Amino acid sequence: MPDAISLESRPRLAAKVRLRYDRKAERYMLLYPEKGLVLNPTAADVAQLCTGEHTVGAIVAQLAAKYGQDVPTVEREVMNFLVALTERGLVQEAP
Amino acid sequence: MSSEFRPYTLIAELTYRCPLRCPYCSNPVDWARRRNELDTPTWLRVLREAEDLGVVQLNLTGGEPLVRDDLEPLIEGARQLDLYTNLITSGIPLTRARLEGFRARGLDNVQVSIQDVTADASDRVAGYASFEKKLEVGRWVKELGMPLTLNIVLHRENLDRVPEMIALAERMSADRLELANTQYLGWALVNRRALLPTREQLERARAAAADARRRLLGRMEILFVTPDYFGEYPKTCMDGWGRRFIVISPEGLVLPCHAAHTLPELTFENVRDRALAAIWSDSPGFTAFRGEAWMPEPCRSCSRRTVDFGGCRCQAYHLTGDAAATDPVCTLAPTHGLIDAAHAEAAASNASLRYRSPKLAAAR
């Protein structure tokens, strides 16, 4: 199992993953070998912040401010998304 | 055209030439007659047109794409278009310096095939002493910090070694392991009697892959592609005809799958003659089996018709002689007895492998 993600983790996209804007669907997508994952706008915001510089806590704070939502709700959504991406090997923790 | 039909992936078969002679090669058996390869400017134009049409993924494949000397400009062109580019290769012939050049130009992923877990067994299937070199190429990929997919085609002779294959992929630090059972088209259909495994073999291998997938979750992605002949229903071949994929053959034919030009009733257009968007939207080859209108019973009234889209047209043709028939691997197909007969034939056979060669097509 991958290491558990915490608020202190600094997630980054795995080497095999590229984030690309898809002008047909007007959505961001994550591209990796032979697959793609279309992201909704919030997920795209999270993916763009997965650079290894920001902690999960900082990402949550930034999104909560941007969308005017309460931190616990945003935290739950961001965590679920990052856990799913980690299990698919698309996101790793920065060393 | 509706957004249901949008190509996401371009499979660019740059050449049918290959130093290996694998007896399950998916190239057409008459590959040697198809020599007139597209040139670099045409491929670069095709990449631009494909991206404009919606393509975001590019697979550079063959034959062996490394025998082309223009992979560098093609990778560079793909990167400028922000395509995710995957090189699908045997690793022969390659130098570390050339691979470094690919990385510098923006190659995203390297998929290296091996044929088995030991040099003897792998080289025997490849018909070429290549195993050690392939492992070296895998090491280079990882040393250069690139993602590595290891691909192994499974069949009767190597299916029992799936646990060893997983262990090898772990030792190589592969990011992704593709365990793909042979699909019985092209050269694999020629060799079906010698390649088709038993159901017991398949189930053991599938279980081993499933265990490893759980154990390696988040570290190594493991794909296990089951062979068509063992399912209850057909696979969603190419995600449906002309829905998600474009294949372009070395000579420029624009195809819904890599074997579509083996269907004699269909005509396919060449990218030298017309714009890719036009060919995609209205060429007879693409419209022939797009959607549901072409479907016979039992597909036409089947609830799975929008799940598997009637299965594989090439398989239907090569097994029944009718490309519009229900895929015989479907247990609901009137011709499903052909599959039972193939299992019985394989079980009773000790046929040896016939290698891919330029001559077999003429001999058949």
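Me: How many aromatic pairs does a search of the whole structure find?

Reply: Five, counted over all chains. Keep in mind that this is a predicted model.

Me: OK, so how do I read one of those pairs? Take Trp241(B) and Phe289(B): how far apart are the ring centres, and what angle do the planes make?

Reply: Two things matter: the distance between the centres and the angle between the planes, with an angle over 60 degrees counting as edge-to-face. For Trp241(B) and Phe289(B), the centres are 5.1 Å apart and the planes stand at 90°, so this pair is edge-to-face.

Me: Where do Trp241(B) and Phe289(B) lie in the chain?

Reply: Both are in loops. Trp241(B) is in the one between strands S7 (221–225) and S8 (245–248) of chain B, while Phe289(B) is in the one between helices H11 (284–287) and H12 (313–320) of chain B, so the pair ties together parts that are 48 residues apart in sequence.

Me: What does a tilted pair look like here?

Reply: Look at Trp280(B) and Phe286(B): their centres are 5.4 Å apart, with 55° between the planes. Trp280(B) and Phe286(B) are both buried.

Me: Which residues do ring pairs link into a cluster?

Reply: Trp241(B) and Phe289(B) turn up again, together with Trp294(B).

Me: Let's switch to chain A. How do I read a sheet?

Reply: Strands of a sheet pair through backbone hydrogen bonds, and the pairing can be parallel or antiparallel. In chain A, three strands make an open sheet, ordered S2-S3-S4, with antiparallel pairing. Its edge strands are S2 (18–22) and S4 (35–39), and each of them pairs on one side only. On average, neighbouring strands in this sheet are turned by 30° against each other, direction ignored.

Me: How many bridges join S3 to S4(A)?

Reply: Five join strand S3 (residues 27–32) of chain A to S4(A). To see a bridge partner for yourself, find Tyr28(A) and look across to Leu39(A) in S4(A).

Me: Back to chain B: which residues of H12(B) are buried, and what covers them?

Reply: Arg313(B), Cys314(B), Gln315(B), Ala316(B) and Leu319(B) are buried. Their cover includes helices H7 (187–190), H8 (192–195) and H13 (337–347) of chain B. Just past the end of H12(B), Gly321(B) has a positive phi of about 85°.

Key. Residues numbered from 1 in each chain as written. Chains lettered and ligands numbered in written order. Predicted model: local features only at pLDDT ≥ 70, side-chain atom pairs only at ≥ 80, totals over all residues. Heavy atoms only, no water. Phe/Tyr/Trp six-rings, centres within 6.5 Å; stacked < 30°, edge-to-face > 60°. Helix = DSSP H or I, 4+ residues; strand = E, 2+ residues; numbered from the N terminus. Buried < 20%, exposed > 50% of the residue type's maximum accessible area, 1.4 Å probe, protein only. Pairing = 2+ DSSP bridges. Axes fitted to C-alpha atoms, helices over the stretch in contact; angles between N-to-C directions. Contact = heavy atoms within 4.5 Å.
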